[in-house]
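The questions below ask how each label was reached.

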Amino acid sequence: MELRPEMVGDALTRLRRAQGQLAGVIDMMEQGEDCTEVLQQLAAVSRALDRAGFKIVSSGLRHCNAARERGEEPEMTEQQLEKLFLALA
């Protein structure tokens, strides 16, 4: 399924935020910051990435359901979307 701007807006925002957080984690590590603080920030980056992935799958589900409601064949099956969702878990 081709990602359209209306489908990925929020996910893209989350990924940009995660990119900044990851840069901060790298800086913390290079500066020898406290292990606990580094790991807390790394966990936050991981959650942000997961949420972005879930947002993309959710948008895909809505997109495919809308296609079905219009009587069109969706670009992906429910099984394909489920497989993508489970890949994030």
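Q: What radius of gyration does the protein have, and what would a compact globule of 89 residues have?
A: The protein has 17 Å, whereas a compact globule of 89 residues would have a radius of gyration near 12 Å; the radius is taken over C-alpha atoms, and the globule rule is 2.2 Å times the number of residues to the power 0.38. Along the principal axes, the C-alpha atoms fill a box of roughly 55 × 25 × 15 Å. This is a predicted model, in which local features need pLDDT of at least 70 and side-chain atom pairs count only at pLDDT 80 or more, while totals for chains, interfaces and linings use all residues. Residues are numbered from 1 along each chain as its sequence is written, and side-chain values use heavy atoms, with hydrogens and water left out.

Q: What makes the pattern of the protein α-α-α?
A: The protein has 3 helices and 0 strands, where helices (H or I, at least four residues) and strands (E, at least two) are DSSP runs numbered from the N terminus. Read along the sequence, this gives α-α-α.

Q: Why does Ala43 count as partly exposed?
A: Buried means under 20% relative accessible area and exposed over 50%, with partly exposed in between (1.4 Å probe, protein chains only); Ala43 has 30% relative accessibility and therefore counts as partly exposed. Ala43 is found in helix H2, residues 35-69.

Q: How many of the 89 residues of the protein count as buried?
A: The share that counts as buried is 24% of the 89 residues.
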